[in-house]
Each structure stands twice: as C-alpha cells, then as structure tokens.
Amino acid sequence: MELDEPKSQSQEERSRPPIADSAFIFPVWRATRRKHLPDSIFFASGNLERELLAKQVVLEITDEEKLRISCLEEEKQWRMQCPVVGCKAKLNGLQELETHFFTRHTAVCSVCSRVFPTTRLLDLHICESHDSFFQAKVARGHPMFKCLVDGCEAKFLNDASRHQHLVDKHKFPRSYEFHRKRHLSQKQRQRLHKHQGKAKPQDGASASQENDNICESKEGVLQEESAMEVEALTSAVSKLNTGDFLPSNVSFGRRHSRAFAFSAPRGRGRHKSKLNAG
Amino acid sequence: MLNPVDHSPASRRDQFKAAAVGNVAGERRRKQAIIIGKERRDAVVRAKRMRRADDNDEGMMYDEPFSDKIINEETVRAVQELKFLFSSSSKDSSQKKIEALRKLRRLLSCSSNPPVASAVEAGVVPILVKCLEFGSSDEQLVEAAWSLTNIASGDSELTLAILPALPLLIAHLGERSAAPVAEQCAWAVGNVAGEGEQARDLLSSQGALLPLAKLLLLNKPMLVKTAAWALSNIIKGPSSKAAVELFKVDGLSEAIIRHLTKGDEELVVEIAWVVVYITSLAESQTKLLIKSGLLPPLVAWLSSSESLSLLTPVLRSVGNLVAGDNSNTDALLDAAKDLPGGLFGCLVRCLGSEHRTLQKEAAWTVSNIVAGSLQHKQLVFGSRVVPTLLHLLATSTFDVRKEAAFALGNLSVMPAGESQLPQPIMEHLSMLVERGCLPGFINLVKSPDLEASRLGLQFLELVLRGLPNGQGSKLVEKEEGLAALEVLEYHDNDDLRSMANELIDKYYGEDYGLEEEYGPGIAEVVRGGEEYPSWRKGWVVNS
C-alpha cells in the first residue's frame, strides 16, 4: 500500500458531485510492497535483541520501566496533544486519550443520541432542537440562536442568520451545518417550489439549509423568510477564505441511525397522528 | 562491575585458582549473565563487542573488590611500564613485553566499565601500534590487538583514538597471519566499524573489506565467525557500496552458502546477518546468491530453528527477499515446498512465536508476499496464515497489529493496476469481515498513530465500497466504526479528517437509514423525484 498517495488521481475514478470546498479524492488501499533499509526504526527492536543476546547480558530494568518501555513500543506518540481542533489538552498515552475523548468530546444528546464535541454545543442543540420553550420564544421574535463560538456573545433570530455570522465573523466554511439537513414534507416542498418560482432560482444546497426546528405553525412562513434571507446574503457575500478554524465539511452530531428522530416533539406528534390517520 | 552472584568463600577462592581446575572460569563466565546498571546500558546496545576473557586464562582476573580508582591507577602504571619496555633503551626480552601486555589487556577486560580512558590518556595507543609491527610474535600481536579491541568497544572518542592502528590491524587480516591473530584483528576492526557510517567508509577506503571477506573462505569456525560479524558491521549501509564490493572475492557466494548449511549455530547466526545486509542492499548480488543456492538452507533454518538469535536474521533475510519482487517470492515458495507447511508453515511458526519481533517481522513478510500477484494472494488465503493474522490483529501489541493489518488489507485487493481503482477481492474481503476483522481495523482508526489511523480508514473504505447492498455501512456502524469516523471529523490532521468526512458523506449521508425506517423507494421521494414511493399511497415524509 502506498503511503504517499498523491491527492490527484484520474477523475474517472470518482463520479460524484464535487463538494464545494474540496477536490479531495480518497486515497484507496493499494497493495504495494514496503521495503525497509537496515537502519530503519522498524528493525530497531530486532537489532537490540541481537546485541543483548550476543553479549549475554541482562539489563537491570525495574518493573515500572518494563511497563513504560512496552507502552512506548506500543504507541509511538506517548505524549500527545488532543487531536480535536481547538482542544489544547496534553495527554499521556492511549488510555488517557480515550478517557479524555469520552469525557470531553462526546457529549451525547439524550433525546436523539446525536454526538457533539463539547457540552456547550450539546446544550445549544438541546435548546434549539428539543425545547418547546425555546421554540416559543423564537416564535415571538426573540434572538435565541447563539453564536457557536465559545466566547462570542452574538445572538440571532434564526439559524440562517447565525450561520451567516459564523461565515462572516468567524470564517466558518459556508457548507458548515449545525443542524442536520432537513427533509421537507410534501406540503413544505410544494410551498417552497411555489415560492421559488417567484424569487431567484435556488439550488438544493440553500433550500436544505432551512432550520428544521421552527415550530410547525410558523413553519412555512419562516422558512420562506429565511430562504430569502439566505439567498440575499449569500449572493452578496464574495468567495471566502475558509481558513483553518474548522474543517470544511464538518457537520456535528450526525447520527444517522435515527433519521428524523430529532424533530420537535410537537411537530412529530402532529405527523404521527397524520400517519395513523392515513 | 562484574558481579558474580555467588558470594560464598568457596566460589571466591575459585576465581583465583589456577586454570588447572579445568574450564571453570570459562564455564562460569558463560553461565552467569552480567548485570549492568542503567548507566552502562548504552554500552550494551552498541554494535560493538568487548572481549572479556579467555578460556585459557591463567592468573588473576581483576574483579571486585578492586575499586575503579585502583584499577585506573594500575592501568596507568601498566602503560608506563610498557612505554619503558618498548623504548629503545630497554634490553628486556620479548617475554617480559608479552607479560606486560597481558597485564594491560587483563585490566582492560575486567569489567563492564574498563579503564579505557585512563589508558588512552596515558598514551597507550602509540605503544600498541608499535607492538603490531611486522615480525612480532603471534602472542604479542594477539595481546596488542586484544587491548585495541577493548579500547574500541567504548565511546566514540576512544574508538577513534585507535585509528592510527588501523592500517596494521588490517594488514594482519591477511592470509599469512595465524588464525588467532587474524581473529583478534578482525574483532578490533569490527568494533571500529560499529562506530558509525564514517568509520565504515574509512575502513572500506583503507581496504578492510576484501581481506575480511577472504577470511570467510576458510574453514576455521572461530575465525570465520568473528570475520563475519566484523563484515556485517561494515556492510550494513546505508550505502550499498560495501555489500556489492564484497563479491569481488571469488567463491564468496559458495562459501556463504556452505557456512549457512553446515556451520554450527553461532556461526550461522553471524553469516545470516551478512545475508540480511546483502539482501537488503545489493539486488544483483542477491540474485547471484539465490542462483548459488541460498534459499534451501535459509528456509530450512526458518522451519526448524528454535533460537531467537538465529531466526531473527533468517526471517529478516526472507522478508528482505519478498520485499523485492514476485520472482523472489516464487523462488522461496519453490525452495520450501518440501518442508512441512511450505513457506507459509514457516511463517506461521514465526507469527505464533512468543517473541514480538518475530511476529512483527513475519507479518511484514506476509504483507509483502500478498502485495504480489493474484496467485500469491490466493495461496496465502488458503493457508493457515490468515487465522493467525486475524488473531494477531485482535489481540497483539500495536506494532504487530499494524503489520497484520497491512497483510490482511493487501490480501483483500487486486494487484495494483495503473490508474484504475483497485477492486477488492470479494471472496477474501467478505471472509475476513465474516471472521471478525473489523473491530481490529476500527481500533487502528482510533489510534494516535497517524499511519495506523490512515490504514484503518483505507480498509473501511474497501469494506464500505466492496460489500453489496449497503451491508458494509451497517456492519461498520455495528462495530462502532461510524463513531470512530465521527471522532475524526474534528481531527486536525487534514488527511485523516478529509478521509473520514468523505466516508461519512458518501456512505452515511442523507439516505442512510431511511430504507430501514421507511422502506424502499424513500430515497427518490426525499430527493423530490417521486411524489410517493411506488408501494404506498397517501404517505407523508416525517419532518
């Protein structure tokens, strides 16, 4: 298997719609031979054993050292920094890494089982997705959508404008989504199509940026509003330099085993009864 | 310090008895391991070997309770005595000179921390060089070379201090020299070569290579063994020059193979290390060796030996060979066909060894074999190698697991074509997945080691792409592979992050899980192509 896979391979290999921000082609497994030179670190343990056996010596190693050595041989990076972007934690060994990860970076929503890298984001998610009180305040026009960046105090009326803020102020890539893509109901799609006929033609991407948590009675109206807003804003915004703040196609909390489980309880109940009736 | 374990009065007395008691001293030395504290650890792992004592040694061995201070003082005195004896004003007999040399040599052989520095500082090297003059007695030559050997077994500074002696040491490697003389000089040269690349180049340019190689043609086991060891230190690279130049000596291939086949184990070990470096660095010389019959004895040892010292270089040689090309693999398969289990039987032995190094290097070897032709992959697939690798992947230490992963992955894809997307070999891949290889690969994805994580991701891609009807996605998720991928979404390594995101986008995108909850045909509805799935009327997508 080649380890220095060049990123550009022939395009025929992948026929899929290009992602907005990257021309990334997956470096697939290739079975290739791997040679090691005599002084390669790969052979170090064997070489060491050779010398020890030849000289018939016994090293005085304490049990603690033995453990350390075996761990060192196990994981090359004994001391490391947490690999999550933005997390500065220093960790010693795989055990600590796993513990740190599961306590700090896997906040799980108890309602819909989605996974978030920080408790703060989990809190925001719960409010915005599972809290009818939140929905009520939104419906009354309070700016409830907080900026996702820790320390930034900005608040917004809806998801789309918050999103624009993230893009403008904090250099998030445009494709970043906090909420999962929403699948519109029959009715909603019909309404959207009608609206689209009037306004500028939208591509699928903008349409799917709709906030999926707006309470049902305001659904149609708010959706249209935010759709227009986004449309207006995105056309005004020039190409952005996405920077290194967060990876380009990150989408938090993708828990696909529970498709549709995240919608607002009210809305869901409504649809369920429809289903039963139907 | 030399620490004999037994402190009883009886054994202490033994140390000072004459060697007429038989081979007590030698035996004791062989049986007792020398315990070395942390400070001297570096001395041990170097590719240099100090010569301690002789089986025929008479007289006192310098041992505890002599303190370092006393020994250093003794050494300086010994050097001064030598200086006097070898000065022009001295009329003393050669016997006295030899005794003085012997005293010095013993001081320099006494412990794990010999007074080498004191000796050098006192100016011993020029005298020793003088002792190496042509026409000197064999005894004198051996004693002088022995002292130089031990001086060169230490730190860089001290090793390099004996450079003035090199031309003479090399000269005494010639065929006219008595065997003990040649052996001791080879030993000294070997220690210098163990110093580093520069030292090796120096030795080559001073012409040490060919005389040493010629010593391999002889039939004297002790001498050949030491010469082979010294040679291995010189040719180990990274430049292939020395390994190639070696073969200027006529009959070297045959001699190597002869010793490999008939030699006693200790000799075979040293010769095998020479073979390791040749197979790693000198391609056409390797082919030459193969043609001369290298492979049968090599695989025979691989199949029968129980000794770690022997198996290590033999296995590594085989590993180097299959890292070359398909024809080497074929030649090995052929050479081993009459052994129990064939080549793979040998490798299974190593994979099942209790020594991690053997397991690791055996798995590496397999990974290169299955990077060959489709036939090679099929041969391995049908052997007991696979269950062993699966076991290692699930249970062993990290470095072994990684190699096992390489092997299993290489086994699962068609040989690398040119620009096509390499296809998985469905028969192999599905069997491996069935036998539970996924957790092991997913574990690697979670590893802090970037290369291992990348490897795991690549295998997951194979599974996700290769298994039909979305089985791959379900299986990977079931084994918590999706969770592992999601974790990498935030990783700060661009490569890993992009790879993980790509897999999530492609295989766990919007449509994933829909069919399970809402039945087939849902995908089209969601995308807006159809109003209803074909099988249901009046049904609404839950938003």
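## Two helices in chain B

Helices here are DSSP runs of H or I with at least four residues, strands are E runs of at least two, and both are numbered from the N terminus. Axes are lines fitted to C-alpha atoms, for helices over the stretch in contact, with angles running from 0 to 180 degrees between N-to-C directions. With that in hand, look at α22 (residues 342-351) and α23 (residues 356-369) of chain B: their axes come within 8 Å and cross at roughly 145 degrees.

This is a predicted model, so local features need pLDDT of at least 70 and side-chain atom pairs count only at pLDDT 80 or more, while totals for chains, interfaces and linings use all residues. Residues are numbered from 1 along each chain as its sequence is written, chains are lettered from A and ligands numbered from 1 in written order, and side-chain values use heavy atoms, leaving out hydrogens and water.

On the α22(B) side, the residues that meet α23(B) include F344(B), L347(B) and L351(B); their partners in α23(B) include L358(B), A362(B) and V366(B). By class, the contact has 10 nonpolar, 2 polar and no charged residues (Ala, Val, Leu, Ile, Met, Phe, Trp, Tyr, Cys and Pro count as nonpolar, Asp, Glu, Lys and Arg as charged, and the others, Gly among them, as polar).

## Nonpolar cores

A nonpolar core is a set of buried Ala, Val, Leu, Ile, Met, Phe, Trp, Tyr and Cys residues joined through side-chain atoms within 4.5 Å; buried means under 20% relative accessible area, exposed over 50%, and partly exposed in between, with a 1.4 Å probe and protein chains only. The largest core has 172 residues, and L169(B) and L212(B) touch the most other members. Its largest share, 12 residues, comes from helix α17 (residues 265-281) of chain B.

A second, separate core of 17 residues includes C112(A), L121(A), C147(A) and L148(A). Back in chain B, and leaving aside neighbours within four places in sequence, L169(B) has contacts (heavy atoms within 4.5 Å) that include L132(B), I162(B) and V189(B).

## A loop arginine

R46(B) sits in the loop between α3 (41-45) and α4 (68-85) of chain B. R46(B) is buried at 18% relative accessible area, and its C-alpha atom is 7.3 Å from that of G194(B), 148 residues apart along the chain.
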